[in-house]
Each structure stands twice: as C-alpha cells, then as structure tokens.
Amino acid sequence: MEVGAVISLEGPSTSQFWFVVKKGVEVKKHQYVQLQTKEGLLVGRIEELEKANKYFSNPETVSEFENYGRNLNEQFPVDRWEYLIAKVRPLGVFVDGEEKRVTIPPSPSTKVYLAENDVLKRVFGFDDNGLSVGIVEHHNLEAKLNITRLFKKHLAILGISGSGKSHLSNVLIEELLSREDSPAVIVIDPHGEYTVFSQDERFSHKTKVWNKDNISFATYKISSNSFAELIPEMSAAQRRDLAKIIDKLREKKKVYDLNDLIKEVENYDIKQNVKDALVSWLEDLNSSGLFSNVDKPSLQELARVSGLSVIDLSSFVHLKEKQIVVTRIARSLFEARRAKMIPPFIIVIEEAHQFAPEREEVSMAISRGVIEQIAREGRKFFASLVLISQRPIKLSTTALSQCNTHIILRITNPYDLQHIEESSEGITSEISKAISGLKVGEAFIVGEAVNFPVLIKVRRRSVKASKDVTLEEEIKDFKEKKQEYIDFFFS
C-alpha cells in the first residue's frame, strides 16, 4: 500500500529521510516502510511523526486571530493544508534476498509503501520453524525466532516489575515444550510462579518440580574446590588441607555425609585455627539441610530432552541458601554438559540480579562465579542462559554483556536505561526513549536473534498463570486462619 512520497526536508540522507503521508492514509510510529532506490529495495522504520499546517506556522498570525475572536477554520481552508510528516531510519537495502548498507539516499518524490510481511520476514531473519513469541506491532506479522540464534549466545529479558517478563519467559517455555526435540529447560524460580506447568494437562508429564523438601546434594561428590566455591572466605592453604581430609575420608568410606566430613576435620592433625574455621564453615553449610549422601534431583532427572525442571525456591528464607542451590545445580549441569553426559540445556534464572549481582562482595554472591563462567563459555557446549531482571544495572556486567540477545520490556529508571543502551548493540536513542513508554506485554527484541531491532506484542500464554490475590482477599484469608489458630489452641 502506498503511504506517501519522500520530501527534501533536512536531507534525505543515508541515515534518515522524511516522507509526507498521503491523504486518507494512516501510518503509525514504529511501522516499517519500503521504497525502491537505485541500490535496491530500501526498508526503514518510522521513528517519529509530526503534523504541520502552514496556517498555524506563524504564532503572530494565530495570536492575532485568536485575540479578536476570529476562527481561522472559518476564514481559510485550514484542513486542506494540514499534512503529516514521517521521519524514517533506513535499516538496509535488499537485493536478491541479501542485505546491504544504504550508501545512496532515496530521491525526493520517491513513492513510499508500507512494508510487505514477506519482506519483513527476511529483514528481521524470522524463521518459519522458529519459536512464536508474538506479533510485530502494526503489521500483524508473527515473530518467529530461530531457536539457535535466540539461545546459543544467551538471552536477557529485562523490564520493570509487572511489565510482562515472566509472561514472556512462560511463552518461550511453552514453545520449547511443544517440540519433540528441544533443549532441557531448568528454571530457577524464586517465587514459585512456574509450578503451574506441572498442573497443565499439555505439559504436566514433561514437568518436574523440585523444592526445599526434595533438593539435596551428595557430600561425597563435592571436591575441595567445590566447597571453596560455596565458602569464598576459604584460603588456598585451607583448601589444600580440606582436600587432604577429603582424600583420607574417601579411603574409609565411598559414601559419606557432611556430619562425617566434620568429624574427620575435627580428628585431623592440622593447626587449631584452621580446624576451627573449617568446622565452623562446614557446620554453617550443614545447618541449611541441603547436604546429605544423595543427589536429589539427579542430573538425568534435571536435564531431559524437551523436559522442564522447576527449581522452586519460594520456601527458602535465606538468600545464601538459594545461592547454594543455584551454585550446585548450575555447576553440576555445566560440568556434565561439557562432558556430554546430558543434553543441551537452557537455564532460566528469574531475579538474576540476586544470583549474579554486580557490586556485592564475593561472600554475598557465591553463585555469581558459575553464572559468569556459563555466560563466557557456555555457547561452546550449548549450555545456555536466560537472565531475567528488573534491575539491569544491578546485574553482573560480565554476565549481561555475554547475552547477545536482549528482549527489553518497559523500563523507566534512567540508570537502567543508560546501562541497557550501553550494553545492547543496535539500540538507537529513539528506541531508548520509546522503552520507557512501552505498554505491558510490548517488547523490543535486539541482538543476535534478529537482524534489526523489532517491536513486538508478546502473544497470550496458554498455561494459566497463578491467580493474583487481592489485598482484600489476603486480609480475609488471614482473619479466617487466625480464628482457626485461636480455636485450636485456646478452645
């Protein structure tokens, strides 16, 4: 459909041009247009729209009429001289399916058309067999992302609370579980939001939920280096002493728990201050209740082709315990994948800034090291990360910079916006400004998964979300349970 013609307003140039919109045609900001140039088919995005009218261009004239009670609309054919100007940023020129840089600006008077969906598919690099995440705004074009391009080089989903981050990740998981041969998906779920997959008739047989009641780590499989990862205060000398103690204990027992290791430390001939420190640290780990003589879940249970494992951390109170769980599970998965003992996997980390914070002391961020290592090295082994955060500036720069695709929902904090603009290739100042005005469920996809940044409306999810409880319902529930408590204990 023809929408206008190029005009010579401050250009046109190879980086931007303007066209006047044809009467009776409606165009919108962030729509895509195409036009034929000497180089080929040029495709661009409408960055801004401006209305103009020559009768209202002179403030003195308008003021004079208004002051004397006259109406310009009655005196002159004002509506005939109103026009709409669109500012366009060229994305590239396409010749025989190949994309090239724009090196020659379009000529004034060149007809501009609304971009065709088949053209946009090629422009963005959508895959007919890809994951369907939503619709390209204003074009009714399904956004289907190639699974390898999206996940191999890691993904970050960023947005303020309530912008639709978890909804989007649920959509991605639905798409993955709907396939016969997709990577294993492991979700670090701080609030128990993903357990709904275990209640859905389509996905319940593919979903396993693990929580405080059924998570444990086999002590006898943990090396001194792994203990040092959980106890960052441990010195190199103390780690060497612990390694000797573990070797001696393994000579006595093939299987042992943390209590056995603590006793062995107490009986071992080392300096008292070293012994006291090791016992104190190991008892602190033991108090978490996470260590036994068996791994639950096993690696084979965790990582299943086309399967979902939800690590429900909602019943854990202390952040350190949550970080221990994330550290051990992520480390075990990564080492097993490097040895090709398990299938390729995607580990989704909600509230990622809690587990890989940027500025926290090492002792307060024990899971950061393994997350950053997977971010740096995981792509070689098809061990993928999806980092979800509402505070990008608080998330490890090392981890975030390795996420080559960003899906950005609404963000209003100026420091977060600046951080994203600096870390995401392809974000223009216009897109950065638009991010703060996005509605719930709208998102920009930027980076490896698409050839150019694209604005989408995330599709509806099929798995029902857990019901949001109102404040009134919560108060009523509290009063009922309080009365039950009183009746039970005091009647």
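Is Lys 252 buried or exposed? At 54% relative accessibility, Lys 252 counts as exposed. Exposed means over 50% relative accessible area, buried under 20%, and partly exposed in between (1.4 Å probe, protein chains only). The model is a predicted one, in which local features need pLDDT of at least 70, side-chain atom pairs count only at pLDDT 80 or more, and totals for chains, interfaces and linings use all residues. Residues are numbered from 1 along each chain as its sequence is written, and side-chain values use heavy atoms, with hydrogens and water left out.

Lys 252 forms a salt bridge with Glu 264, with 3.1 Å between the closest N and O atoms. The pair links distant parts of the chain, with Glu 264 in helix H8 (residues 258-267) and Lys 252 in helix H7 (residues 236-252), twelve residues apart. A salt bridge is taken as a side-chain nitrogen of Lys or Arg within 4 Å of a carboxyl oxygen of Asp or Glu. Helices (H or I, at least four residues) and strands (E, at least two) are DSSP runs, numbered from the N terminus. Glu 264 is buried, at a relative accessible area of 8%.

The structure holds 19 salt bridges. One of them joins Glu 174 to Arg 459, the closest N and O atoms being 3.2 Å apart. Glu 174 lies in helix H5 and Arg 459 in the loop between strand E20 (454-458) and helix H17 (471-490), so this pair ties together parts 285 residues apart in sequence. Glu 174 is buried, with a relative accessible area of 2%.

Another salt bridge pairs Glu 335 with Arg 338, the closest N and O atoms being 3.5 Å apart. Both residues sit in helix H11 (residues 319-338), three residues apart, and are separated by about one helical turn. Glu 335 is partly exposed at 33%, and Arg 338 is partly exposed at 35% relative accessibility. Salt bridges that share partners join Glu 229, Arg 331, Glu 335, Arg 338 and Glu 377 into one network.

The structure holds one cavity of 30 Å³ or more. The largest cavity has a volume of about 60 Å³. On a 1 Å grid over the protein atoms alone, a cavity is a set of points where a 1.4 Å probe fits but cannot get out, and lining residues have an atom within 4 Å of a point. Grid points are joined across faces, edges and corners, and the volume is the space filled by probe spheres set on the points. The lining consists of Phe 151, Ser 169, Leu 172, Ile 173, Leu 176, Ile 346, Val 348 and Val 386. H5 supplies the largest share, four residues. Helix H5 (165-177) and strand E16 (345-349) each give at least two. Seven lining residues are nonpolar, one is polar and none is charged. Here Ala, Val, Leu, Ile, Met, Phe, Trp, Tyr, Cys and Pro count as nonpolar, Asp, Glu, Lys and Arg as charged, and the others, Gly among them, as polar.

Backbone geometry was also examined. Most residues other than glycine have a negative phi, and most peptide bonds are trans. His 154 has a positive phi of about 75 degrees. This residue lies in the loop between helix H4 (147-151) and strand E10 (155-158). His 154 is buried, at 0% relative accessible area. The peptide bond from Lys 296 to Pro 297 is cis, with omega near -5 degrees.

Technical notes
On a 1 Å grid over the protein atoms alone, a cavity is a set of points where a 1.4 Å probe fits but cannot get out, and a pocket is an open set with protein on both sides within 12 Å along at least five of seven lines; lining residues have an atom within 4 Å of a point.
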